[in-house]
Amino acid sequence: MYDLARTLLFALEPERAHAAGLSALEAAHRIGMQGLVAGKPRQFPVKLWDRTFPNPVGLAAGLDKNGAHIDALLSLGFGFVEVGTVTPQPQPGNPPPRLFRLPRQRALINRLGFNNEGVDALVRNVERAQRRTGLLGINIGKNAGTPNDQAERDYLHCYERVYPLADYVVVNISSPNTAGLRELQEEQALRRLVGALRDAQEGHAARHGQRVPLLVKIAPDLSDHDIDAAARVLGDLQVDGVIATNTTVARHGLDGIPAARETGGLSGAPLLGKSTAVLRMLRTRLPESIALIGVGGIMSGADAAAKTAAGATLVQCYTGLIYQGPRLIGRCVDAIRRRKEAPSRGHLTGEH
Ligand SMILES: Cc1cc2nc3c(=O)[nH]c(=O)nc-3n(C[C@H](O)[C@H](O)[C@H](O)COP(=O)(O)O)c2cc1C
């Protein structure tokens, strides 16, 4: 069924297809027909941060920026869904066109630029969601007009608003589509921003009587030296997790492909190797107490299992869902389960 839907959606301009696909899913969910595209939900529970994820495969940030489709997306079989990136104020993002398909490469390029309705709208949507079948991550950012030296205020504002509603919160400092954002990954800026959020986390935890995990999402375009520095800071500050990775600004292997010249972040198959390499490096540099979520280029069960082999406790996909449809979710859960149930391999690779 998804093959037919995909043919129809791929005939549309990508951003219209995105909106049409989400509306169709929402409508199907409301009348209990999402089973037409979703596979059988897979249970393979993962215990992490005092929570139980029904399975380790989640939806990556950016597909549901306003948290308007949480239940419909969970009904596809995801163990968790991450919504956002959300900013304090609503903002339109960059002018269209800003989303491009590279079908033969099974990739996308986007320069959306945090188009979203603002954190208050997201909070209203999340409050309405039932979230019966999986967990919820909320990904926060800063408005495009906020200079980096005031970014902390934007992140702290969003953090305070979403804290009581999230199963985990992600600090996104790795989108390539907000000018200067990635500079917040540099050692000093990172220590200042994440330090302030960690202090806020302790305060919110005391006030709400629950500790909500704080994660940082990083770019795949960091040098080895940058990864070392980031790992040092995030290890010192004892964040709860790191998401590796966001989209890449590199275009390796895409010479001669006209769409590859578009500015923005590249996702999908060409990102797999690079993002898994960053994940693997982080695993060797961070203490075991900091969990990793592996994302970037998962197009098959084997790709998902490769992320867990490289040290991910959970995985996420976005572009793979567009190209393969929801059957990808079950394939990833099954492949991760098979790998974990092969005891000697888990032991040899030091998987936790
Ligand atoms: C259209 C699009 C929009 C995205 N928007 C966001 C976003 O708002 N925040 C974020 O942290 N990541 C965003 N991402 C990055 C994804 O969450 C993910 O890290 C990246 O696409 C790599 O995974 P994939 O290869 O499975 O797509 C976006 C990706 C795409 C394709």
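How far is an oxygen atom of the ligand from an N or O atom in the side chain of K65? The distance is 2.9 Å. This counts as a polar contact, a pair of N or O atoms within 3.5 Å. The table lists this contact and two others.

| Protein residue | Part of residue | Distance to a ligand oxygen atom |
|---|---|---|
| K65 | side chain | 2.9 Å |
| K217 | side chain | 2.8 Å |
| G297 | backbone | 2.7 Å |

Taken alone, the ligand exposes 610 Å², and the protein buries 98% of that. Such areas come from the Shrake-Rupley method with a 1.4 Å probe.

The model is predicted: local features need pLDDT of at least 70, side-chain atom pairs need 80 or more, and totals for chains, interfaces and linings use all residues. Residues are numbered from 1 along each chain, and side-chain values use heavy atoms, without hydrogens and water.

The shell around the ligand has 25 residues, each with a heavy atom within 4 Å. A61, T85, K217, G297 and T319 are the closest. By type, the shell holds 9 nonpolar, 14 polar and 2 charged residues. Gly counts as polar here. Strands β4 (80-86), β6 (107-110) and β11 (265-268) each give at least two residues to this shell. Strands are DSSP runs (E) of at least two residues, and helices are runs (H or I) of at least four.

Side chains of opposite charge can pair when their charged atoms come close. The protein has 18 salt bridges (a side-chain nitrogen of Lys or Arg within 4 Å of a carboxyl oxygen of Asp or Glu). One joins D167 and R51, with the closest N and O atoms 3.6 Å apart. D167 lies in the loop between α5 (151-162) and β8 (168-172) and R51 in strand β2 (residues 51-53), so the bridge ties together parts 116 residues apart in sequence.

Conventions: A polar contact is a pair of N or O atoms within 3.5 Å; within protein, one must be able to donate a hydrogen and the other to accept it, and residues adjacent in sequence count only if both atoms are side-chain atoms.
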